[in-house]
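Reader: Got a new model open here. Can you walk me through it?

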Amino acid sequence: MKMFKGTESQLYNFVYSLRGEDDSTVAYIKLEGKIKNIFKICDCLECLGIFYSLDLRGIISAEGKIIDVGYQPPFSFRNLDFLKELYLPDTVKRFYRNGIENCPNLTKVRFPQGLTEIANKSIVNCPKLTVFMHKEIQHTSPKMFWNISRLVISKHSSFKLSGSSILSKDGKTYYGTTDGESREIRVPSGVEKAASYSFWAQEGIIRFPATLKEISNNCFSDCDCTLVFEDPMKVKFPADGFKDKKLIVPQYDETVLKQDKIKKFKERATSAALEQRYRDLEKLLPQSSHYKIHLSNPIYSKECILCEVDFPKEYFGFTCHNRMNFYIPILEGFDEQAEYLVNILKSM
């Protein structure tokens, strides 16, 4: 193993001396003092084409203590093919989104003792990485890990693991999964609530147990999923509906539901989608003193919104009403039809 201990300026001479080493070489880099540009350091090491461990416990940035890891300010570790181990300074207190991303050979990260906050998707696409949560962190989301090898949670943490599922200590709240590649998620039995962002950017099928009672707001952000419920009649839908265009009406499993329950659940799910579409249309449609807009749901169709545009005109003391009707589907074609209606109204 090649060893280095020194400052950033000394490191570049060391990197030059390693040129020509084969890819079986492993380097241990321990930096000290101030660093100006972590991206330049990582680029130089990556260009060597050899595996390396990066120890930053003895450094500060040119601006002072390094408190944040993530895009803002720019102290992050992304697209590093040869990084195997990372040791962060103890001054780091906050871990933001994409702080460590796309490091296929990273196996170890040392979380600083002073860490107090970890955001969603802080560590992304590091399939060989084992993460150890050594204590209870005050402000955190278990969705901070996406596609890692293993998560080890200490007894002092607020969470526990059930297979690849991250749950609250009592097992009643589902927060996410460490398996970022699976296209079928089975939420463990006993879970009563799905937390916000717990299925962020998930694809495929999500199966919920009969114990589920509540789905939190923003639970399915950026999803393209089919939802399957064992007992959907007692599930409380999000207050803001299902925002994502690809996830409007939850699906149901006909093999475990009786026909009357299927009908009631389908109506309830469609109502939730309809309410969300009402809100979407109200925000999209332009207002004018020349016409009035009324939105309703046609009696003969539960899968579209009737948009009545009324143009009142007065003739010799009488008011005549010219009315145009538009039918906006709540599922496929909503965006296209809503845009068409907006363009017509703007031209009037």
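Reader: What sits in the hairpin of β14 and β15?

Author: There are two residues between the strands, and Gly163 takes a positive phi near 65°.

Reader: Which residues does Thr173 touch?

Author: Beyond four places in sequence, Thr173 touches Ile166, Leu167, Ser168, Lys193 and Ala195. Thr173 belongs to strand β16 (residues 173–177).

Reader: Is Thr173 buried or exposed?

Author: Buried, because its relative accessible area is 16% and the cut-off for buried is under 20%.

Reader: Back up. How many helices and strands does the protein have?

Author: Four helices and 24 strands. Of the 348 residues, 47% are buried. The accessible surface is about 18,200 Å², with 48% of that belonging to carbon and sulfur atoms.

Reader: What is the mean pLDDT?

Author: The mean is 78, and 80% of the residues reach 70 or more.

Reader: Where does pLDDT stay under 50?

Author: Over residues 244–257. The model has 46 contacts for that stretch beyond four places in sequence. Where pLDDT is low, the predicted coordinates should not be read in detail.

Reader: Noted. What is the order of the open sheet of three strands?

Author: β17-β19-β21, with parallel pairing. β17 (184–186) and β21 (224–229) are at the edges with a single partner strand each, so one side of each has no neighbour in the sheet. On average, neighbouring strands of this sheet are turned by 20° against each other, direction ignored.

Reader: How many bridges join β17 to β19?

Author: Three, and the two strands run parallel. In one of these strands, β19, Ile206 is the bridge partner of Ile185.

Reader: New topic. How many salt bridges are there in the whole structure?

Author: Seven. One of them links Arg186 and Glu184, with the closest N and O atoms 3.3 Å apart. Arg186 is exposed at 56% relative accessibility, while Glu184 is partly exposed at 33%. Glu184, Arg186 and Arg207 are linked in a network of salt bridges.

Reader: And how far apart are the closest N and O atoms of Glu192 and Lys213?

Author: 4.0 Å, in a salt bridge. Glu192 is in the loop between β17 and β18 (193–194), and Lys213 is in the loop between β19 and β20 (214–215), so the pair ties together parts 21 residues apart in sequence. Glu192 is partly exposed at 25%. Lys213 is partly exposed too, at 43%.

Reader: What about Asp55, buried or exposed?

Author: Buried, with a relative accessible area of 0%. The side chain of Asp55 meets that of Arg57 in a salt bridge, 2.8 Å from N to O. Arg57 is partly exposed at 37%.

Methods: Residues numbered from 1 in each chain as written. Heavy atoms only, no water. Pairing = 2+ DSSP bridges. Axes fitted to C-alpha atoms, helices over the stretch in contact; angles between N-to-C directions. pLDDT = per-residue confidence, 0-100. Contact = heavy atoms within 4.5 Å. Buried < 20%, exposed > 50% of the residue type's maximum accessible area, 1.4 Å probe, protein only. Areas by Shrake-Rupley, 256 points an atom, 1.4 Å probe, with all protein chains shown as cover.
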